[in-house]
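Hello,

Here is the structure I promised to pass on. Please open it first, then read my notes below with it on screen.

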Amino acid sequence: MRAHRWFTPYLLVVPALALFTFAVLGPVMATGVFSFYEWDGFGVFTPVGFDNYVRAISDPIFRASFVHVAIYIALTIVLEVGAGLFLAGMVTSRPKGTGFFRVAFFIPVMLPLVVVAVVWGFVYNPDFGLINGALEAIGLGSLTNVWLGDTRTALIAVSIVSGWVFAGFFMAIFYAAINQIPSEISEAARIDGASEIQTFWKVKVPMIRNVIEIAILLAVTGGFQSFDLFFVLTNGGPYGATEIPTTYLVKVVFRNQNVGYGSAMAMVMTATVLAMGAVYMWVRKRADVEGGTA
Amino acid sequence: MKRLIGSRAVFFTVMGVLAAIYTLPLMWMVMSSFKTNSEIFSSPLSLPTSIDFSTWVDAWVVGNLGRYVFNSLFVTSSSVLVILVFSALAAYAFSVFDFNGKGILFAMFALGLLMPIQSYFIAQNSLFELLSIKGHRWTLIVPYAAMGIPLAIYLLKVYLDGVPRQLFDAARIDGASDMRMFRVLVLPMLRPGLATVAVFSILATWNEFLLALLYVTNDAYKTIPTGLLAFSSRYVTDYQLLFSALTIVTLPMIAIYVIFHRQVIAGITDGSLK
């Protein structure tokens, strides 16, 4: 439809567009420009070509941060998406009496990650933490550990907190998706003698495959952009064992005042996130084509 | 019948144990807020000997928690209001009208859906520093509103696209002006969509941390995430006080969530699946 006055649509779009361009789109482009300069945030801009990018891809800390975040993402796919799928399977296996659990498991999603991190910092506390306390109480005192201060356990410890927060989130997503499946389909499976577990794996999971794929995409891209939990729990330590791209980026830009170099790292990260999205679209498209010809 | 009873018992046992383990960290936090520092150290798992709310009051007063809560309420409500108004107007234009440049304008917002915060926060910080936007009570409203707009426009446009076009045609034939059409037709139709966007935006702004950390260093203007973090580094060893602060900040959020859980869960799942 044409607007009554030709300029109405532009007037409607302008407030959103102006704010968005000013605070997001412009800065995206400026970050791209910064990445080709040496700049400390105050002084002169020195053009350096691709030097910042070369430095980024050969920076051992930056490279290690990608490995750490990859491990973290792999763990969270199990602890968030996997656990969420399990919980969704449980709460959809019964027609009634599951509301309490659905509400309870979603609680952590509501809380600021910083608050969650401070609480879990105490849970992992070596002196009075919940975990060491529980281990002592059941006679496994020899297993107590400085969970966040040990290079072997720190990354896993942070991943567990992430799982604790987001398993309920993915449960809610899968729960909604499973409830969209026409009830006749699971009824039919049940009449054919399928057990609840078989119905779940053979009927429900295949039918929500799309949603599971989106969930994995969310876990991958979201995990890659993590910051809050890591910053509060370990801030990259111990000995860099939990340094992820964003914690390192914040140190480079805001502690070392290396704006140009940080911008190049930010661009590499952005390209990585966009590439993940592109891979997802490609996989999706291929699956659709195969599904169409089969 | 027997199998049903069996599976029911198994279900409630497994889920009950899981829920207990799941909520343990939060219950432990609340319990510890009633214990003295030496009790916390000597027997971390014990129940408190008495329930005394005076440390909660202490934490609230000493930590100036009221100030952080107020700042969070102010920043969140303002940001969400801006997001709702700006996005509803833009979604109306994108869904209902044909105009030159529509495709490219919409693509710009779609780009915003894909861009991670890492792609712009460095230059955004420089820009805000240059224009002295940093360090005010209202500072965070600017990036929060801007960041929320793309998803809000997208969701609201999807809602409006579901409205039969004949309704708009009929309103036009009745002589409704562009703005009148927005008030009497678009806004009422958008109500469920606006609720979803509100839930989603409230949570995102209420919990945002990275920009709050970088842009607001004056304690008077800190929001709950950064305020609590400052609190926890100020009273590093006063565990009872810290547990009390965490408890009084989290319990109201959980209470509000439990009351509105249906809308909250629906809003967040709709928003994330786009």
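**Helices that cross**

The crossing of α4(B) and α7(B) is right-handed. Keep in mind throughout that this is a predicted model. Helix α4 of chain B covers residues 65–96. Its axis and that of α7(B) come within 7 Å. They cross at roughly 40 degrees. That angle makes α4(B) oblique to α7(B). By class, this contact has 18 nonpolar, five polar and two charged residues.

A quick word on the terms. Two packed helices are described by the angle between their axes and the distance between the axes. You will meet both values again below.

**Across the two chains**

Helix α7(B) also meets a helix of chain A. The crossing of α1(A) and α7(B) is left-handed.

Which residues make the contact between α1(A) and α7(B)? On α1(A), they are A16(A), L19(A), F20(A), A23(A) and V24(A). On α7(B), they are V142(B), P143(B), A145(B), A146(B), M147(B), I149(B), P150(B) and I153(B). By class, the contact has 13 nonpolar, no polar and no charged residues.

A second pair joins the chains. Angles under 35 degrees count as roughly parallel. From α5(A), the contact takes V114(A), V115(A) and V118(A). From α11(B), it takes P225(B), L228(B), L229(B) and S232(B). These residues divide into six nonpolar, one polar and no charged.

**The whole contact**

How many residues does the contact take from each chain? Chain B gives 75 residues and chain A gives 74 residues. On the side of chain B that touches chain A, helix α1 of chain B (residues 2–32) gives the most, with 10 residues. By class, that side has 57 nonpolar, 15 polar and three charged residues.

**Domains of chain B**

Chain B is divided into two parts: domain 1 (2–58) and domain 2 (64–234). Their centres, taken over C-alpha atoms, are separated by 38 Å.

Most residues other than glycine have a negative phi, and most peptide bonds are trans. Look at the loop between α11 (228–233) and α12 (245–255) of chain A, where P238(A) is found. The peptide bond from G237(A) to P238(A) is cis. Its omega is near -10 degrees. Y239(A) has its place in the loop between α11 and α12 of chain A as well. Is the phi of Y239(A) positive or negative? The value is positive, near 50 degrees, in a residue other than glycine.

**Confidence**

Last, the scores. The model has ipTM 0.91 and pTM 0.92. The mean pLDDT of chain B is 91. In chain B, 97% of the residues reach 70 or more.

Best wishes

Definitions and conventions
Residues are numbered from 1 along each chain as its sequence is written. Chains are lettered from A and ligands numbered from 1 in the order in which they are written. This is a predicted model: local features need pLDDT of at least 70, side-chain atom pairs count only at pLDDT 80 or more; totals for chains, interfaces and linings use all residues. A crossing is left-handed if the near helix is turned anticlockwise from the far one by less than a right angle, and right-handed if clockwise. Helices (H or I, at least four residues) and strands (E, at least two) are DSSP runs, numbered from the N terminus. Two residues are in contact if their C-beta atoms, placed from the backbone, lie within 7 Å. Ala, Val, Leu, Ile, Met, Phe, Trp, Tyr, Cys and Pro count as nonpolar, Asp, Glu, Lys and Arg as charged, and the others, Gly among them, as polar. pLDDT is the predictor's confidence in each residue, from 0 to 100. Axes are lines fitted to C-alpha atoms, for helices over the stretch in contact, and angles run from 0 to 180 degrees between N-to-C directions. Angles under 35 degrees count as roughly parallel, over 145 as roughly antiparallel, 65 to 115 as roughly perpendicular and the rest as oblique. Domain bounds come from an automatic or database domain assignment.
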